[in-house]
Amino acid sequence: MNAVLRPETDTGTGPATGGIIECVIPTTESQREVWLGAMLSPEASLAYNESVLLRLHGPLNARALGLAMAVLVERHQSLRATISPDGSCMLVGQAPAEAMSMMDLTKLDPQSREQVLASAHNAAVCTPFSLEHGPLFRAVLYRLGEDEHELVMSAHHVVCDGWSWAVITEQLGHLYAEQIGQGLRLKAAPSYADFAAAEAAEAAQPDMQQHVDYWLERFSGGTPPVLELPLDHPRPAVRTFTSLRTERTLDRRLVTAMRSVSTKAGTSLFAGLLGAFVATLHRLTGQDDIVVGIPASGQLARDMPGLVGHCVNLLPLRMNAHAHLRFDALMSECGAAVLDAFEHQSLTYGALLGQLSLQRDASRLPLVSVMFNVDPDVASGTDSFVGLSVKQDTVPRQYENFELFLNLRPLEGGLVIEAQYNTGLFDELSVQRWLDMFECVVRSAARDPSETIGRLEVLSTEASLVLAALQPAPTELLGDPLAHAGFVARALLHPERPALRDGARRCTYGELDAQSNRLAHALRERGIGRGQRVGLCLERGTDMLVALLAVLKSGAAYVPLDPAFPQARLDHYAEDSRLSLLLTTSDMATAPRQWRVDASRHIFEIDRDTAWHQGPVDALEPGELDAGAEDPAYVIYTSGSTGKPKGVSVPHRGVANLLQSMRVEPGIGAADRIAAVTTLSFDIAVAELLLPLAAGAEIVMVQRETAMDGNHLRALLEEEEVTILQATPGMWQLLLDAQWPGAPGFRGWIGGEPVRPRLALELLDRCEQLWNVYGPTETTVWSTVWNMQRDVVASRGVSIGHPIDNTQVWILDAELRPCPLGVPGEICIGGDGVTLGYHDRPEFTADRFVTARILGHATALYRTGDRGRWRNDGLLEHMGRLDFQVKVRGYRIEPGEIEARCNEVAGVSRSVVVAREDNPGDVRLVAYLALAPNAAGAAFDLEALMQHLRGSLPAFMLPQHVVTLASLPTLPNGKLDRASLPAPQAVPRETMQRGAGPRTDSERKCSRPWSRC
């Protein structure tokens, strides 16, 4: 081939700058993948910068080392090559006269010398390489003293891979020995042109199809898994590359033990360590289907061990790592997967991605986000330097392609773990904890390789102490441990203070106390007391609050029965709870009236039977019928996964603790006025009614129609000069949509479902304080609080905060053992807020209310089913559900209950209900119906379905969309493939059925104009 002149551009001292083109080599497919990646952005290209340094101790002949470097560059085509502008060719030039520059730092003081070296290291990984103009290999020797030098070499990954650095180090030593007359001449180096030609020829062979088939089979069966490492920072829309490295050392004894375990299992140390890494990823993410990338040396595959160049291929290993898999079995599977992958490494990673036709996501790499590697022991390579003591190290990259790259480097019999991680996603503290987990897994597996990976130790002693410090110290409960004790004390101290605004009606603490005492006496006269349950089916207002307090004073527990709920549901509540009495009014059409044979004798219509208004105003005399701390204050029903709602029995002790803690955080006092916007059947009403009464504040009762209309609610907040509003994200959004400007001193409490950062930031603009509150009904309303901070929300997202007083929050794995800080698991709550369980449902109570051994102590806990973790800032993060329970507009919904009702409809063979958020902030219930074979061809009657659902489900549980399918998509294991469920837009708009139609004249009047849109 005729020689052609290079461009005259000189970008630095190195072999590929200027000169004559010696030959042109077509780039390999892997090289073109690297070239394409480097073209994405300057940061993306810097992710391919690699740098190795040699610390040389002893009498060095610097001139001989320079000559040896020149010979090295001359030997290897890749070290004196550039890449053509289109990435298709590698242009190999003549070696420069000087391949290594030198810098004398001996005249600098030690501090200045260290600064220069630090700058040199930084430049090695942060100075871009020009792929077109070169040079793509650089070497600088720094003289630090008479017998102390440091050689910094750097190259772009498109011409030099990890194996190549070992070759460079070893051959440089031999060439140096030759230059000083103490070594033999090396045989000729393999040609990269021969390597590229062999790879191209193999790709054109029919045998390549077997490699394609192997990899396609490995990734067949639905959408390939995406590894979801727990983030410290929100994932940006477009992938970033900034990176740092943190390190940890596995000592010689541990590595020896792991090698022994691997050998006994019939596999290699690499497979054993890979198994430990996969097990760690499983424990870190909770995922069973895990893909880890490993590099494969093309030099060994082509029998060219002395070749320098980009010969590596990324092999994506797909591992099934479920919690009950024994570690020794996982090791064996890893060993087999590695051998199979090496056998089929001829298909490049990029070619595989093309075959898989994956849907690309600009925020992450496709298929492989983490890499794992164990370097060969290069000690023999550094031994080739005659008369010198040489230590090899690498310069940490500051840009990285992968989210996490774990490289294990041998050192004095042990292993140094070099963890390169994306700083835009993770904190160093988190990655250090992951390495601590990895070491714990290795130690645990080395002790007992027959242990299942779900039971391997992941928590070190130091990590245990960190978790213990996150729990609050015990706080003494002041006053009687009763839900109404705070109100009674306030009424005695300040009877004249305003307690309630209910439209035009006003009520002081004294009047409210007197009225509730009168009704409590009437309840006692009807035999009501401790251990009994009284239903409250009343419209929101003064009478409802009076009745609630009266039931508590009588010693019984109240059972909320929202009049807006379907008749069938309220009938179930009354029958299941075995009401002793129902408090209602004569005009309440939906009130249950037949839950027992003699129900009519157990209905107290407080508007018709008015004699109680003339009863005693004094409190009931203390006696055996009074409730104690462990007696139920109320029984409230939640959606049930089996199709039947469950009643949660909440003791006075939990309510009293909640009220005392919340008076401090979020904080409420006598000068406050709180808007009560929540139905009594939603347990957060406790914080709107009993909490302000315990603090001496005033309640503003908000009617249902007002609470659901942003403009009306805004007007009420302003007219009544409300200072505190507790609401779900959905209701807060209604206010924002109504252009609510906020008010000076206004405090907001938000909870009931996850809070979007954008909503939080908008509310922080309008509130003096905004508190996020979290807790399931089973642990008494709220269990954690957080005073939102704008900078934290913007950088790390919304937290659910820290535990309230006398409450512990533990993040546990599937074996009910604590997860390390930062590692997701199930949010489990202990302490005074834990309730008595599910009314008459011992099997469900035993499943969710458990005793676990936490850091050596038996601890009673409620398993929330929520996924979460402790963050590095000491705050809790809610990460969704472990099961399929969802929250929509603040209501906790078990899709199983909706599915059970759907399956009752003719023509439906199977159903699944999910909550979708296809538009930010717009969470919708979507029902997917698999039609029976005899119904698949006919038009399905969606209106009949919705009519059936309305008969047993409240409006908030009705699907907004219904999608009919011939069958539900499944994974290879037969499980539902939720990722493949189509968006509801797949259903024609004219066949869509809204969840609930207009029910009142006002609603019908409002709906008519919209129905024509």
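**Figure 1. Contact between helices α24 and α25 in a predicted model.** Pro729, Trp732, Gln733 and Leu736 of α24 touch Leu759, Glu762 and Leu763 of α25; contact here means heavy atoms within 4.5 Å. By class, this contact has five nonpolar, one polar and one charged residues. Ala, Val, Leu, Ile, Met, Phe, Trp, Tyr, Cys and Pro count as nonpolar, Asp, Glu, Lys and Arg as charged, and the others, Gly among them, as polar. Helix α24 spans residues 729-737 and helix α25 residues 757-764; they pack at an angle of about 55°, with their axes 11 Å apart. That makes α24 oblique to α25 (angles under 35 degrees count as roughly parallel, over 145 as roughly antiparallel, 65 to 115 as roughly perpendicular and the rest as oblique). Axes are lines fitted to C-alpha atoms, for helices over the stretch in contact, and angles run from 0 to 180 degrees between N-to-C directions. The crossing of α24 and α25 is left-handed, meaning that the near helix is turned anticlockwise from the far one by less than a right angle; clockwise would be right-handed. Helices (H or I, at least four residues) and strands (E, at least two) are DSSP runs, numbered from the N terminus.

Residues are numbered from 1 along each chain as its sequence is written. In this predicted model, local features need pLDDT of at least 70 and side-chain atom pairs count only at pLDDT 80 or more, while totals for chains, interfaces and linings use all residues; side-chain values use heavy atoms, with hydrogens and water left out.

**Figure 2. Crossing of helices α9 and α11.** Helix α9 (residues 269-285) packs on helix α11 (residues 327-343) at an angle of about 115°, and their axes are 8 Å apart. The crossing is right-handed. Residues of α9 in the contact include Phe270, Leu274 and Val278; among those they meet in α11 are Phe327, Met331 and Val338. By class, the contact of α9 with α11 has 11 nonpolar, three polar and no charged residues.

**Figure 3. Buried residues of helix α12.** In α12 (residues 349-356), Tyr349, Ala351, Leu352, Leu353 and Leu356 are buried. Buried means under 20% relative accessible area, exposed over 50%, and partly exposed in between (1.4 Å probe, protein chains only). An α-helix has 3.6 residues a turn, so residues three or four places apart point the same way. The buried residues of α12 pack against α1 (29-38), α7 (208-218) and β10 (313-320). Just after α12 comes Ser357, with a positive phi of about 50°.

**Figure 4. Helix α19 and its cover.** Helix α19 covers residues 567-577, and its buried residues are Arg569, Leu570, His572, Tyr573, Ala574, Asp576 and Ser577. The elements over them include β17 (533-537), β18 (557-560), β21 (632-638) and α28 (895-902). Arg578 follows α19 and has a positive phi, near 50°.

Figure 5. Arg55 counts as partly exposed, at 29% relative accessibility. Leaving aside neighbours within four places in sequence, Arg55 contacts His149, Glu150, Ser389, Val390, Lys391 and Asp393.

Figure 6. A search of the whole structure finds zero disulfides (a disulfide is a pair of cysteine sulfur atoms within 2.5 Å).
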